[in-house]
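Student: I would like to learn how to read the features of a model like this one. Please take me through them one at a time.

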Amino acid sequence: MPDPIRNALVIFNPTAGRARALHRGPLERARKVLARHGIESELTPTDGPGSGPEIARRAVRERRQMVIVCGGDGTLNEVVNGLAGSEIPLALLPAGTANVFAKEMGLPWNIERAASLIAGSRLRRVALGHVTASELGEGGRYFLSLAGAGPDGALVRTVNPGLKDRTGTIAFWLEGIRQLAVYGFA
């Protein structure tokens, strides 16, 4: 039986969907929930798109026992790319706009309740997907639950961030409708 998790790094995206309002309230309460279960956590915010992988690699170098992501699917996938190939377990406190992976895993959207599930959870190995394309750079990218190409990829890449901030998932629907008109289907 593995040693209990006692030391975690919480990688927090301060601009993810619902996360903007979490830093002072629910996120700190989630950390207290973790502490009651014996898991001390350090909070590290991302500082923009693309910073998650390096923060996760730092957690590997520091020999953290767990990395917990508080953010959405984008932040989660960035951290996955920093942890890929390591033995560091990953947990999620859903705080993004759509939280597709959290929905697939049946995680509660309340991050305090999600935090309460971490200590008693059974660790499971999960196979990652991997995609390579010239646009992704050397080595490609790993992903957890889905990768989009064609109109799906175009939709996610071109959704208006300001509209997404104001309307949430409606922005994806509107961009999907726009893509029907502008995407050059093969």
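Student: Is E112 buried, partly exposed or exposed?

Tutor: This is a predicted model, where local features need pLDDT of at least 70, side-chain atom pairs count only at pLDDT 80 or more, and totals for chains, interfaces and linings use all residues. Residues are numbered from 1 along each chain as its sequence is written, and side-chain values use heavy atoms, with hydrogens and water left out. Now the cut-offs: buried means under 20% relative accessible area, exposed means over 50%, and partly exposed is in between (1.4 Å probe, protein chains only). E112 has a relative accessible area of 24%, so E112 is partly exposed.

Student: Which residue forms a salt bridge with E112?

Tutor: The general idea comes first. Side chains of opposite charge can pair when their charged atoms come close. The rule here asks for a side-chain nitrogen of Lys or Arg within 4 Å of a carboxyl oxygen of Asp or Glu. E112 pairs with R29, and their closest N and O atoms are 3.2 Å apart. E112 sits in helix α5 and R29 in helix α1, so the bridge ties together parts that are 83 residues apart in sequence. A helix here is a DSSP run of H or I with at least four residues, a strand is a run of E with at least two, and both are numbered from the N terminus. R29 is partly exposed, because its relative accessibility is 41%.

Student: How are α1 and α5 placed relative to each other?

Tutor: Two packed helices are described by the angle between their axes and the distance between the axes. Each axis is a line fitted to C-alpha atoms, for helices over the stretch in contact, and angles run from 0 to 180 degrees between N-to-C directions. Helix α1 (residues 26-36) and helix α5 (residues 111-118) cross at roughly 20°, and their axes come within 8 Å. Therefore α1 is roughly parallel to α5. The classes are these: under 35 degrees is roughly parallel, over 145 roughly antiparallel, 65 to 115 roughly perpendicular, and the rest oblique. The crossing of α1 past α5 is right-handed. Right-handed means that the near helix is turned clockwise from the far one by less than a right angle, and left-handed means anticlockwise.

Student: At what angle do α6 and α8 pack?

Tutor: Helix α6 (residues 151-158) packs against α8 at about 125°, with the axes 9 Å apart. The two helices are therefore oblique to each other. α6 also passes α8 in a right-handed crossing.

Student: Which residues form a nonpolar patch on the surface?

Tutor: A patch takes residues with over 30% relative accessible area and no salt bridge; like charges are joined within 9 Å, and nonpolar side chains (Val, Leu, Ile, Met, Phe, Trp, Tyr) within 5 Å. Accessible areas come from the Shrake-Rupley method with a 1.4 Å probe, and for residues only the protein chains shown count as cover. Here I170, L174 and I177 form the patch, with about 290 Å² of accessible area together. L174 belongs to helix α8 (residues 170-182). L174 counts as partly exposed because its relative accessibility is 43%.

Student: How many salt bridges are there by this rule?

Tutor: The count is nine. One of them joins E87 to R125, with the closest N and O atoms 3.4 Å apart. E87 lies in the loop between α3 (73-83) and β4 (90-94), and R125 in the loop between α5 and β5 (129-131), so the pair ties together parts 38 residues apart in sequence. E87 and R125 are both exposed.

Student: Which residues are linked in a network of salt bridges?

Tutor: E42, R58, E62 and R64 are. E62 forms a salt bridge with R58, the closest N and O atoms being 3.2 Å apart. E62 is partly exposed at 38% relative accessibility, and R58 is partly exposed at 26%.

Student: Where does N99 lie, and what is its phi?

Tutor: Most residues other than glycine have a negative phi, and most peptide bonds are trans. N99 has a positive phi, near 50°. N99 lies in the loop between β4 and α4 (100-105). N99 is buried, with a relative accessible area of 1%.

Student: Is R63 buried or exposed?

Tutor: R63 is exposed, at 69% relative accessibility. R63 also has a positive phi, about 60°, and is not a glycine. R63 is placed in the loop between α2 (52-61) and β3 (66-71).
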